[in-house]
Amino acid sequence: MTPLPGRAVLILLAALLLTACGGEHRVDPGALAEVRSIGQVVAEATSRWYWGDQGPRVTSRNETFVVDMGTATSGAALERARARLAEHGWRPDPPGRGDELWLRSARWEELSLFAQGLDDYVRQWGSEDADEPEVSEAIRRAHRQSAGEGLLVIQLHP
């Protein structure tokens, strides 16, 4: 059996957790402020995922940022983001591959944070996503504005 990619696993877990509760789940404004504080935000977007065909309808509002970390490489950008977010209580969960970062907050246990270099993200996921057109546009806009290797795509999932 082929393992599911990290993003698919995250989405499936979110679906299971959210369908039991119903309603709309949003990222806490404090968590958004923490992510915005770690570097220069080049672009951001909100996307919505809907769950609960068999039960309560649930909306998950996911937040995506493209952040310039001011580094020469995406590896250095990930390390800088990890260190800065650790100052706010974010910790690895689970340890990611070398080209991505998965974190959980000590303050908002329900939140998952995923980070990956912009070029690595585009290679892995593409820059066109029919399910998340707002995210696709933010990534394209950031790609046009800056060719820096220190750009990260950071996604927050409630």
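1. Glu44 sits in strand 2, which covers residues 40–51; strands here are DSSP runs (E, at least two residues), numbered from the N terminus. This is a predicted model, in which local features need pLDDT of at least 70 and side-chain atom pairs count only at pLDDT 80 or more, while totals for chains, interfaces and linings use all residues. Residues are numbered from 1 along each chain as its sequence is written, and side-chain values use heavy atoms, with hydrogens and water left out.

2. With a relative accessible area of 35%, Glu44 is partly exposed, a class lying between buried (under 20%) and exposed (over 50%), computed with a 1.4 Å probe on protein chains only. Leaving aside residues up to four places away in sequence, Glu44 touches Arg36, Thr64, Phe65, Ala138 and Arg141, where contact means heavy atoms within 4.5 Å.

3. The side chains of Glu44 and Arg36 make a polar contact at 2.8 Å (N or O atoms within 3.5 Å, one able to donate a hydrogen and the other to accept it; residues adjacent in sequence count only if both atoms are side-chain atoms).

4. The count of aromatic pairs comes to 1 (ring centres of Phe, Tyr or the six-membered ring of Trp within 6.5 Å; planes under 30 degrees apart are stacked, over 60 edge-to-face, the rest tilted). Trp102 and Phe114 form this tilted pair, with 4.7 Å centre to centre and 55° between the planes. Because Trp102 lies in strand 5 (residues 100–105) and Phe114 in strand 6 (residues 112–117), the pair ties together parts 12 residues apart in sequence.

5. Trp102 is buried at 9% relative accessibility, and Phe114 is buried with a relative accessible area of 3%.

Note on methods:
Helices (H or I, at least four residues) and strands (E, at least two) are DSSP runs, numbered from the N terminus.
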